[in-house]
Amino acid sequence: MTLLELDRVEVTVGAPAHGGHCVARHEGMVLFVRHALPGERVIAEVTEVHRGYVRADAVEIIEASPDRVPAPCPWSGPNACGGCDLQHASTSAQLEWKASVVRELLARFAQVDQAVRVEQLPSTVGADGQPDAGWRTRVRYTVDAEGRPGLRKHRSHEVVPIERCMIAYPGIRSLPVLNRTWSADAVETVAPSTEPAFVVTDPARPIVEHAAGHEFTLSAGGFWQVHPYAAQTLADAVIEQLAPKAGETVWDLYGGAGLFAAAVADHVGVTGQVALVESAPDGVAAARQNLAKLPVRIVESTVERALVPPRGRAGRSSARLRGPVDLVVLDPPRTGAGKQVVTAIAASGARAVSYVACDPAALARDVATFQGLGWHLAQLRAFDCFPFTHHVECVALLLPARS
Ligand SMILES: C[S@@+](CC[C@H](N)C(=O)[O-])C[C@H]1O[C@@H](n2cnc3c(N)ncnc32)[C@H](O)[C@@H]1O
């Protein structure tokens, strides 16, 4: 049967898949259904038609899952704000959803049968001292043609004007942003942990964060973990996995403002050495300032160039990383590290790699590459750094065959 946009079909929804939807089948056609939960019987309305599959929204729930809850945000749901994928799921169902997706990706791409438990981060505390659902310390509101700020629909440039975003950090929600019109295309906001939230008019404005016993100054537009407890949680997980020892050498790849380099530098001490690789100039400038007093060498380069210089050209030796090294932390963007980088790391002599991943599909592909080179996944932790969305952060420990 050919399904067309806006067609409605009744389906029983199966397991969640990466991207915030569940898989369903109808007369041989695969449907990726948003706003549903595993096991539910729903009316699914087709939103996009592709070769071999369609995307759809559950617009009517015929048999609800016991895990379904009323969405706490009135701007969420089919054809509405696309910021959250899991408003309709209880907290435990959100964690189970994410665990199931990570498990499935590791099985599919890396043939690993890995039990996964998604760990919750501490809750934000609101101005009233009560737990608050707002965890996003950075929110970019998009502005529509009439100047109204809002958030985009799922897979669309269309802006949904909103009056409140419940996952925005309380300080960001208090800013006078959503009650007025704007002439800019977007309004960036940030809530640093050391000062009140503000609208970012100058992305170079310095902000200060604390984590892993260190102070980090970075630009308001630079990279920092968005959940207020993520930086500390991830740094703790990396240190626990690697157990760095005095005198060891470490690479911190995709190092940003220096979070992991600072954390490992404390353990390897002055007899050890850390090299941080970062390509964004604002990240490099921040790392130079933040790590000035630590035994860390900052390499301004892409990781690809630092580890795999172009053939026939030696490249700047100051921008090269040469093994052997004892430990590697890598925290790539959503695209993952890729074959070349993983191959270079696998040949570095490292006794352990801690891989911090914001995209479990990219992680699973890179784990498969490591495995092909004789390494194995020794531990996987997963953290709910992005409640109400389908996103999940993983920290994977990879060890070479000899371990
Ligand atoms: C997920 S962030 C991690 C930053 C840091 N580890 C932290 O936790 O704060 C990824 C970082 O990699 C940098 N980056 C992206 N692509 C890169 C590449 N090919 N080579 C080096 N750095 C890259 C980005 O600028 C960003 O700072």
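How many residues of domain 2 are in contact with how many residues of domain 3? Select both sides and you will find 18 residues of domain 2 touching 15 of domain 3, where contact means heavy atoms within 4.5 Å.

Before going on, note that this is a predicted model, in which local features need pLDDT of at least 70 and side-chain atom pairs count only at pLDDT 80 or more, while totals for chains, interfaces and linings use all residues. Residues are numbered from 1 along each chain as its sequence is written, and side-chain values use heavy atoms, with hydrogens and water left out.

**Stop one: the interface.** Colour domain 2 (110-121 + 208-399) and domain 3 (133-202); the bounds come from an automatic or database domain assignment. Their C-alpha centres lie 30 Å apart. Between these two domains there are 0 salt bridges (a side-chain nitrogen of Lys or Arg within 4 Å of a carboxyl oxygen of Asp or Glu).

**Stop two: valine 353.** Go to strand S20 (residues 352-357) and pick valine 353; strands are DSSP runs of E, at least two residues, numbered from the N terminus. Valine 353 is buried, at 0% relative accessible area (buried means under 20%, with a 1.4 Å probe and protein chains only). Its C-alpha is 8.0 Å from that of alanine 396, 43 residues apart along the chain.

**Stop three: glutamate 393.** Now select glutamate 393 in strand S22 (residues 393-399). Glutamate 393 is buried yet has no salt bridge. Show arginine 334 too: this nearest side chain of opposite charge is 6.9 Å away (Lys and Arg count as positive, Asp and Glu as negative; His and the chain ends are not counted).

Notes:
Helix = DSSP H or I, 4+ residues; strand = E, 2+ residues; numbered from the N terminus. Buried < 20%, exposed > 50% of the residue type's maximum accessible area, 1.4 Å probe, protein only.
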